[in-house]
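Please read it alongside the model shown below.

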Amino acid sequence: MVCPRCNSDVPEVSRYCHHCGNDLRSGDTERKNAYAARPDESVASFKLVSTIMPQGSGKQPYTYKVALGIALLLTVVTAALGALPVAIMVAAFSVPIVYILYLYDVNLWEDEPIPVVAAAFVLTGVLAAVFTWLWSDNIALSTDTIGSNDIGPSGRDLLILLLLVPVVSELIRQVGPLYLASRPRYDDLMDGFTFGVVAGVGYACFETLVLHWGWISGGFAGPGSSAGTWISIVVLHGFIKPLIYGSATGLAGAEFSGLGAGYDGFTPRWVSGLLQAIVVNALFQGGVYLLGFVGGHGSTIGAVLGVVWGLLLLGALIIRVRTVLHKGLLEAALESAARGGSNHASGDQAFCSRCEMPLLPHSDFCSACGNSVRSVPKSARGVTAPATASGYDVTTGETQA
């Protein structure tokens, strides 16, 4: 059988082309119902874990979901009890810690995660703290939340939040990912995206610490009528904001890495990704600032509306990220098939990390479930087949006696 998309010879038993990922059994030529990094999910779906943790997260996605759920519950409880220093610290570090554990768990860069994470997280964090201290010192902040003063919106503050902060902060978040993605060992599309997420959540962590230092140094407030406001603020800045920052910066990082071998660099696609990240940042900052005035000084209504606004932005951004990564994986595989092979394909004898079926030699996709090999850690793309599977014929789909 010949794949109609890339003209590769594929076994009759295949559901997906192992070179370009084309669905051979349905008319879904764009695979809208089978996300390349997680084929049991549609592309247009709000699936957080498989979006920001695409490499190997299919093995145990509930581990990360449970970890984030516990951190969120702890944050809400401590904020409701007025333990604001604890609530802010837990909220600020929860997403970065879970994400770093994910990187170790999937062994993303072949036992060399420490310098990679340090370059993208610590460097970005330090720059974030300095820049946040500089701009936040020029905006009237009360109760440690933007937009909660009595005076009302300020044109000067809006210019800072809609122009200065989005542009400069996004450029800061690009430094680490672009440096790392330009190295030959980490030039893959998924590497660029992951570096961007690391930088984004790192920036959000340190920005939150600086913005809410008054809560951290102010001690325990005790339960009170402001509990709803406290909870909304820590959830927004501790969980929603890092996911927005990470996804937006990851999108630009993926465009910098590009589709084929080597990184594409400063192409129009990267500029488009960078501008999208800046716009998302501006919408988030400006929306939270303006909504903070709804209901008056320190209003819970304004804080809750800020959370709703952040969730709407995050939902749209997640769909955008999934669409870009999905198309990128399919287009990269098609280009590789036209050139005769991919540098990111599997080895001669390897197994799909998702369905555990044997992969055809030098596959870019699993022919059984359609999972992209590029969504698998590099160290697991060429695993030698165990003796128990030595009798499996991948060309016929039959087990030999």
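1. Helix H5 bends by about 35 degrees at Val165, shortly before the proline Pro166; the bend is the angle between axes fitted to the seven residues ending at a position and the seven starting there. The model is predicted, so local features need pLDDT of at least 70 and side-chain atom pairs count only at pLDDT 80 or more, while totals for chains, interfaces and linings use all residues. Residues are numbered from 1 along each chain as its sequence is written, and side-chain values use heavy atoms, leaving out hydrogens and water.

2. H5 comprises 27 residues (155–181) and spans 38 Å from its first C-alpha to its last, close to the expected 39 Å. The expected span is 1.5 Å times one less than the number of residues.

3. Contact (heavy atoms within 4.5 Å) is made by Glu170, Arg173, Gln174, Leu178 and Ala181 of H5 with Tyr245, Thr249, Ala252, Phe256 and Ser257 of H8.

4. Helix H6 (residues 189–211) reaches 33 Å over its 23 residues, close to the 33 Å expected. Of these 23 residues, 21 are buried (under 20% relative accessible area), so H6 is largely enclosed by the rest of the structure.

5. Ser45 lies in the segment before helix H1 (48–52) and is buried, at 12% relative accessible area. Beyond neighbours within four places in sequence, Ser45 contacts Ile318, Ile319 and Arg322.

How values were computed
Helix = DSSP H or I, 4+ residues; strand = E, 2+ residues; numbered from the N terminus. Buried < 20%, exposed > 50% of the residue type's maximum accessible area, 1.4 Å probe, protein only.
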